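Thanks, everyone. Please bring it up on your screens.

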Amino acid sequence: MAVTLREQDRRLIEREVEGSAFSDLLGVIHKRAPAFKSFRTWADVVAFMRRGTSHDARKNDLLEAILTEYGADRDPRWSSILLLIFWPGLESIHARKRAWDADGEELWQNIVWTFLKILCRMDMEKRRHRLVQKIINDTAHHLHDEYRRRWRGSQGETLADLESLDGIAVEDDGLDDDRLDDLLQQDTEVRRFRWHLEGGRISDSDFHLLVGTRVYGKRVAQYAREHGLNYQAAKKRRQRAEASIRRYEEAK
């Protein structure tokens, strides 16, 4: 299975964050923020932040502590941790704004750069609540501003083109809490299936079938039709894949 540059970057950051230099940061924040006492590693923190609901007040407490430390010393290690925490949300922006840039890799780099600028601008004296939603929405809005400047500067661009693109932006720039929770839950399920794929318990075809039908809600008949598969064969493939996953998870 091909691994994208974005996936390679994520794995590289994950390895770096589990190193001794980042462990020191966790020791620092353990002393200053009681909310971190139950976490032994940054991987534990990231996993907690990505699961469940964004309404969880404890998540806001963890983010507030990290952002306060980052605002005080501007240590780039904090931004790496925050990037991992927000990775699913940033990938959601990338998926929703694909029409803005023909180069998907360029779009991703612009999203990350915008996200990092938002982190630098955070004023914890003015905003201490609903931090997850604020950061995601601010990233989407400022990304739109950047692309709007590009569109306006393009030669031969018409006002109608701009209005059309603005319509795309206004339609879904904001994420309410329920929508954000749905996206995080979807990401959790995709990562669960990918983990089983990488562990050899399901095939690449199984993975795409499960993601398409279990995560994104397509009926098996629809998925089979779109991918030129026999319905009964696709149905049995999904049953076998889920049985393999269930046996492994129940045995743990």
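**Helix packing and cores**

Helix 2 and helix 4 run roughly perpendicular to each other (the class for angles of 65 to 115 degrees, where under 35 is roughly parallel, over 145 roughly antiparallel and the rest oblique). Before I go on: this is a predicted model, where local features need pLDDT of at least 70, side-chain atom pairs count only at pLDDT 80 or more, and totals for chains, interfaces and linings use all residues. Residues are numbered from 1 along each chain as its sequence is written, and side-chain values use heavy atoms, with hydrogens and water left out.

Back to the pair. Helix 2 covers residues 20-32, and helix 4 covers residues 57-73. Helices here are DSSP runs, H or I, of at least four residues, numbered from the N terminus. The two axes come within 11 Å and cross at roughly 115°. Axes are lines fitted to C-alpha atoms over the stretch in contact, with angles from 0 to 180 degrees between N-to-C directions.

Which residues meet? From helix 2, Val 28, Ile 29 and Arg 32; from helix 4, Ala 65, Ile 66 and Glu 69. Contact means heavy atoms within 4.5 Å. That set divides into four nonpolar, no polar and two charged. Nonpolar covers Ala, Val, Leu, Ile, Met, Phe, Trp, Tyr, Cys and Pro; charged covers Asp, Glu, Lys and Arg; the others, Gly among them, are polar.

Next pair: helix 3 and helix 5. Their axes come within 8 Å and cross at roughly 35°.

Now the cores. A nonpolar core is a set of buried Ala, Val, Leu, Ile, Met, Phe, Trp, Tyr and Cys residues joined through side-chain atoms within 4.5 Å. Buried means under 20% relative accessible area, exposed over 50%, partly exposed in between, with a 1.4 Å probe and protein chains only.

How many residues are in the largest core? It has 48, and Ile 29, Trp 42, Ile 66 and Ile 81 are among those with the most contacts inside it. Helix 5 gives the largest share, 10 residues.

Take Ile 81. Leaving aside neighbours within four places in sequence, Ile 81 touches Val 17, Phe 22, Leu 25, Trp 42 and Ile 66. A second, separate core of 10 residues includes Val 190, Phe 193, Val 211 and Val 215.

Last stop: Arg 127, in the loop between helix 6 and helix 7. Its relative accessibility is 23%, so Arg 127 counts as partly exposed.

How values were computed. Helices (H or I, at least four residues) and strands (E, at least two) are DSSP runs, numbered from the N terminus.
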